[in-house]
Amino acid sequence: MLSSQIEGTQSSLRDLLLFELDEVPGVPMDDVREVSNYVAALDYGLAQLKAGRPISTALLNEMHGILLRDGRGEDKAPGQFRDRQVFIGKARPFTITFVPPPPSSVADCMVQLEAFLHDQPERTAVLLKAALAHVQFETIHPYRDGNGRLGRLLITLLLCAESALSEPLLYLSLYFKENRSEYYAKLQRVRTHGDWEAWLGFFFTGVRETSQSAVWTAERVLELFARDRERITALGRGASSALRVHRLLQRRPVLAIPDAATRLKMSWPAVDKAVQALEKLGIVREFTGKKRHRLYAYDAYLDILTEGAEPLPR
């Protein structure tokens with residue numbers, strides 16, 4: 001979501017969760033579909049790594065195909081290297097900030113990047129590799145659209161591939177979003193002045209800050225779950241069903257009764273009664289105001305997850 005926001009989408013986490021429940025989000029459908037495709041591309045890439053595939057240009061092409069498979073960008077050759085010259089900046093020559101390699105050079109540049117990812121000609125420490133690979137990918141700009149999103153996804157994918165992360169729990173996109181002007185300027189300084197050191201300092205600072213933030217967020221989430229679990233257990237009769245719904249809310253913090261009943265293999269009335277108990281405790285809130293097709297949100301959990309994740313103004 002944050003990676004897409006850097007490029008102007010207005011989708012929030014709540015919008016994405018509504019979309020995944022087949023409900024109507026509060027933003028243009030293309031915005032939330034773009035984020036949903038990003039999730040699908042990451043999931044696909046991680047599944048391929050677990051199946052034993054290395055990161056390769058073929059895998060990146062497949063992920064790019066998922067990223068742009070519908071909505072904005074579906075007419076920009078998803079999954080294929082660009083076949084035309086592109087320019088970073090505005091269309092008029094005096095506002096162009098960077099000219100990526102010509103299309104005839106893209107495949108060869110990507111082969112060289114792949115070799116670097118595979119430690120050829122020599123081993124590179126994983127964080128250094130992620131930092132350098134991101135700049136190089138963005139500079140090659142191999143696709144007509146989606147380069148920024150896939151280039152940021154590559155960082156997380158690489159850290160998982162090299163077992164620096166067991167799960168994709170480190171996302172630098174919030175740091176890049178909060179420092180967007182500096183992010184773009186540091187990338188550009190590498191291209192114009194060869195200032196790799198300034199970029200590395202910026203990147204490593206982001207890794208440190210994001211890691212500390214992720215740990216703090218995880219601790220707060222676990223404390224919230226434990227506190228709410230205690231309150232639910234105190235209900236006595238009916239606590240068992242409410243605890244099952246609470247566990248589902250930890251995975252899906254926006255809930256519809258029919259979907260929850262299917263996932264938990266419980267009856268609709270049993271889920272409805274459990275949700276009403278959680279609502280009385282103030283753990284969930286019904287936010288549609290409807291009498292039918294009601295939706296419930298685990299607000300305290302969503303608040304923790306979405307700190308700093310408000311869409312940028314257009």
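Modeller: Helices (H or I, at least four residues) and strands (E, at least two) are DSSP runs, numbered from the N terminus. This is a predicted model, in which local features need pLDDT of at least 70 and side-chain atom pairs count only at pLDDT 80 or more, while totals for chains, interfaces and linings use all residues. Residues are numbered from 1 along each chain as its sequence is written, and side-chain values use heavy atoms, with hydrogens and water left out.

Biologist: Which helix holds D228?

Modeller: D228 lies in helix α10, which covers residues 196-233. The protein chain has 14 helices and five strands.

Biologist: Why is D228 called buried?

Modeller: Buried means under 20% relative accessible area, exposed over 50%, and partly exposed in between, with a 1.4 Å probe and protein chains only. D228 has 3% relative accessibility, so D228 counts as buried. Of the 314 residues of the protein chain, 46% count as buried.

Biologist: What makes the pairing of the D228 and Y298 side chains a polar contact?

Modeller: A polar contact is a pair of N or O atoms within 3.5 Å; within protein, one must be able to donate a hydrogen and the other to accept it, and residues adjacent in sequence count only if both atoms are side-chain atoms. The side chains of D228 and Y298 are joined at 2.6 Å.

Biologist: Which residues does D228 contact, leaving aside neighbours within four places in sequence?

Modeller: Contact means heavy atoms within 4.5 Å. On that basis D228 is in contact with H246, I283 and Y298.
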